[in-house]
Amino acid sequence: MPILTCSSETSKSVIDRLRYRGFCIDTARIENETLFLELTPSGAPVCPKCGQRSPKVHDVSYRQVKDVPLISTEQVIVRFPVRRVRCSCGCCAREVIEWVEPNSRITKAMVCLVQNMLRMKLPVSEISAELGLHWDTVKNYDKLLLTHLFDEIDISGVRHIAIDEFALEKKHKYATVVMDLETSRVIWVSRGKSQNSFSPFFEWVKSKAVQDKILTVSCDMNAAYPRMVKEHLPKAVILYDFFHVMKKFNEEVVVEGKRRCVSLLRDSLRSIKSAKNQGLSPEKILERQKEAGVLRGKITSLTGSQWLIMKPIRQLSEKRHLLLDKLLEDNELLAALYPLVDLLRKIWQCKDPKSMHGHLQQGGAVQ
């Protein structure tokens, strides 16, 4: 393996680049594309408490840290002595190495590299693999960076916000997020979606004295959100966004309509099965069997039918378009509900109340 002495030109260039203040490179070796550096102190230690130079050295221990890799190497491992001093001021502690990250096994230069890569939106797992660091180490510095960048968010200019929840993981664990609609900037995230987990947001808004400046709040029809908005944001108008309106319409109207259609078809099927076939001709019995088969086919076609109804017709394939036509032909209740889906979609695309009122009149909702 190559051994570099401190007097070589290569070692001097490494010193100029890495700049281990207070140390000089004693030896260096390259093994399996990893550069191992052995450092020795270049001066007397300094008391970490009073700053006095040349206190008594009580003992010496050795540390090993990982530094920023060079172009020709995958890793740089640095080993150096750390002296524990006993000073006249009463301090007995280890000297401070300014280029090493406290309570860590990497240098501050490596921390800067990690956070620069995070700012480039690289995944934590990719950075971990690239630099040979543990995933938790990279994630911890990601959290520190996010805290530094977003701990104190300026919300003085926020006027229109949106509130929604999203799933964190399986087993119905959620978090709540608040976004500034004008800038698409996330201004708040909290674990959970209950009233208790979300109430700190309104306390934070009041502490910033901007509760009267928020004009609109877009949220779903969760009972807790509108009630809390009315209580804490007196001048805000609650807006129900299109996604949640359509979701509510699907769950409480279309799905219930489908269940009603299935129930009616099953009632008809039971009445056919319960009717006795005594005295009927073979032709009549065969006719009843065919009728029962048709009813079963209609019940099967209703499986997942709400998605055919809710999806915009331009997004349906030719095959699904034919299935939708057949579905509406066989079920009067769903055929009556289908125009309401398009009406809701047109209403939420309107830019002013006048055009919205016109769509309502055309739909027969306003006389």
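Modeller: H5 and H6 run roughly parallel to each other, because the angle between them is under 35 degrees. Keep in mind that this is a predicted model. H5 covers residues 195-207 and H6 covers residues 224-232; their axes sit 11 Å apart, at an angle of about 25 degrees. The crossing of H5 past H6 is right-handed. On the H5 side, the residues in contact are Gln195, Phe198, Ser199, Phe202 and Lys206, and they meet Tyr225, Arg227, Met228, Val229 and His232 of H6. Sorted by class, that contact has five nonpolar, three polar and two charged residues. As for the spacing along a helix, an α-helix has 3.6 residues a turn, so residues three or four places apart point the same way.

Now follow the chain out of H5. The loop between H5 and strand E10 (216-219) holds aspartate 212. With a relative accessibility of 40%, aspartate 212 counts as partly exposed. Leaving aside residues up to four places away in sequence, aspartate 212 touches Pro234 and Lys235.

H11 (residues 332-348) and H12 (residues 353-362) have axes that come within 9 Å and cross at roughly 170 degrees. That angle is over 145 degrees, so the two helices count as roughly antiparallel to each other. Leu343, Lys346 and Ile347 of H11 make the contact with Met356, His359 and Leu360 of H12. By class, the contact of H11 with H12 comes out as four nonpolar, one polar and one charged. H11 has a list of buried residues too: Leu334, Leu337, Val341, Leu343, Leu344, Arg345 and Ile347. Among the elements covering those buried residues are helix H7 (242-274), helix H9 (305-310), helix H10 (318-330) and H12.

Most residues other than glycine have a negative phi. Glutamate 33 is not a glycine, yet its phi is positive, at about 60 degrees. You'll find glutamate 33 in the loop between strand E2 (23-31) and strand E3 (34-41). Its relative accessibility is 44%, so glutamate 33 counts as partly exposed. Lysine 121 has a positive phi as well, about 70 degrees, and is not a glycine either. Lysine 121 has a relative accessible area of 76%, so it counts as exposed.

Last stop, the cysteines. Searching the whole structure turns up zero disulfides. Take cysteine 92: it is in no disulfide, and the nearest cysteine sulfur, which belongs to cysteine 91, is 7.0 Å away. A disulfide would need the two sulfur atoms within 2.5 Å. Cysteine 92 is partly exposed, at 33% relative accessibility, whereas cysteine 261 is buried, with a relative accessible area of 7%.

How values were computed: Residues are numbered from 1 along each chain as its sequence is written. This is a predicted model: local features need pLDDT of at least 70, side-chain atom pairs count only at pLDDT 80 or more; totals for chains, interfaces and linings use all residues. Side-chain values use heavy atoms; hydrogens and water are left out. Axes are lines fitted to C-alpha atoms, for helices over the stretch in contact, and angles run from 0 to 180 degrees between N-to-C directions. Helices (H or I, at least four residues) and strands (E, at least two) are DSSP runs, numbered from the N terminus. Angles under 35 degrees count as roughly parallel, over 145 as roughly antiparallel, 65 to 115 as roughly perpendicular and the rest as oblique. A crossing is left-handed if the near helix is turned anticlockwise from the far one by less than a right angle, and right-handed if clockwise. Contact means heavy atoms within 4.5 Å. Ala, Val, Leu, Ile, Met, Phe, Trp, Tyr, Cys and Pro count as nonpolar, Asp, Glu, Lys and Arg as charged, and the others, Gly among them, as polar. Buried means under 20% relative accessible area, exposed over 50%, partly exposed in between (1.4 Å probe, protein chains only).
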